[in-house]
Amino acid sequence: MSSVYACPLSHQLISLSGADKLSYLHGQITQDLNKLTSSNYLWAGHCSAKGKLWGVFKLFSYQDSYYLAGSEAEVEKSLAELKKYAVFAKVEISECSKRLIGLIGDDLSNILTQLGIHFEDDTNACDFNNGKALKLSPNRVLLMVDGQFSMPDSISTLDNEALWQQAAMLAGEPQLSSDAVGEYVPQMVNLQAIDGISFKKGCYTGQETVARMKYLGKNKRAMYIVSGQSEGLLEEPDLETQLGENWRRAGKLIAQSFDEQSNKLTGLVVLPNDTDVTQVLRSKHAPQVELSILPLPYSLEDE
C-alpha cells in the first residue's frame with residue numbers, strides 16, 4: 001500500500017461515565033483499569049461468571065468517559081451484561097453514537113499532521129480536535145470522531161472495511177462473531193499475548209477460570225490466523241483437518257474477512273494449541289476452500 005485509505009468501520013462503542021465508572025468497570029473486565037491514561041489504550045476482555053468471553057475490546061478514555069470498542073456482536077452482548085448491575089453504582093452505560101474510522105497505509109504521517117494528531121514517544125493514544133486517535137500499529141490508526149469531523153479530500157475512502165479487518169486479523173487481534181460470543185476463555189483467543197489480562201488486579205467476573213487456566217495449565221487451545229482463496233465469506237464457520245484419508249473437526253472461525261480484489265479469505269480460528277501449523281484446513285460446508293495457517297506476530301509462551 002503506497003496510498004493512505006480511510007475505512008468506515010462496523011465496530012461499535014460502549015461508553016461509561018459517572019463517579020463510580022472506574023470501580024465498576026474494574027470489577028468487570030480482565031484488564032487493570034488503573035493502567036489506563038489519556039495517552040494509551042489497552043486490550044480488555046469481558047467475561048461471564050464462568051470465564052467465557054462476551055467480548056474483546058480496545059479500552060480507552062476520552063474526556064470524562066471510558067470507551068470499549070468492539071464488534072457489533074460483542075457490543076450488543078457486553079452492553080446488556082454491563083447494564084445488569086449498573087443500578088447499584090453511580091455509572092451511566094450506553095451505546096455511543098460516535099463514528100469509528102480506520103486509517104491504513106504505509107506512511108500515515110502527513111494525514112495525521114493534517115488532522116492535528118500527534119502521538120508522543122511511547123504512547124499509543126491521543127486526543128485531537130474531533131475526538132480520539134489510537135495507534136494500533138505504525139500503519140493503522142483508529143479514530144473515534146464526532147459529527148463535525150470530515151476526512152481531507154486527499155484521502156481515499158473505501159466502501160467497506162475488508163482491508164482494515166484483514167490487517168487486524170493478520171496482526172492477531174482477537175474479535176468475536178455472534179457465534180463465538182460466550183464460547184471461549186480469554187487465553188483461547190490469545191488475549192494474554194497482547195497484554196489484555198492482568199493476573200495481579202484482584203477479583204473480576206470470571207477471574208477464577210482465567211487464573212486456573214494460567215496457573216494450572218488447563219488451557220489447551222489458542223487462536224490462529226488462516227488464509228486462502230475463496231469466492232466470499234463462509235456461511236458456516238466450521239473447519240476440518242485431514243487425518244489420514246479422513247477429515248475431522250478442527251475448530252470454528254471466530255472472525256473472517258474477504259478481499260474482493262484478490263479473492264482472499266482471512267480468518268481467525270481457535271484450534272488445539274499443539275496444532276501442526278503446516279497442515280491445511282478446509283471449510284466443512286465448502287470443502288473446496290482450503291486455508292493455510294499463518295505465523296502469529298507474537299509469542300504464546302508464558303513469561
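I began with Arg 212, which forms a salt bridge (a side-chain nitrogen of Lys or Arg within 4 Å of a carboxyl oxygen of Asp or Glu) with Glu 208, the closest N and O atoms being 3.2 Å apart. I note that this is a predicted model, in which local features need pLDDT of at least 70, side-chain atom pairs count only at pLDDT 80 or more, and totals for chains, interfaces and linings use all residues. Residues are numbered from 1 along each chain as its sequence is written, and side-chain values use heavy atoms, with hydrogens and water left out.

I found Arg 212 and Glu 208 both in helix H5 (residues 207-215), four residues apart, about one turn of the helix; helices (H or I, at least four residues) and strands (E, at least two) are DSSP runs, numbered from the N terminus. Glu 208 counts as exposed at 58% relative accessibility, while Arg 212, at 34%, counts as partly exposed; buried means under 20% relative accessible area, exposed over 50%, and partly exposed in between (1.4 Å probe, protein chains only).

Next I looked up Arg 282, whose salt bridge with Glu 240 has its closest N and O atoms 3.0 Å apart. Arg 282 lies in strand S16 (residues 280-283) and Glu 240 in strand S13 (residues 238-243), so this pair ties together parts that are 42 residues apart in sequence. I found both Arg 282 and Glu 240 buried.

I then saw that salt bridges with shared partners join Lys 77, Glu 81 and Lys 84 into one network. Within helix H2 (residues 72-84), Lys 77 and Glu 81 lie four residues apart, and their side chains meet at 3.2 Å, N to O.

My search of the whole structure found six salt bridges.
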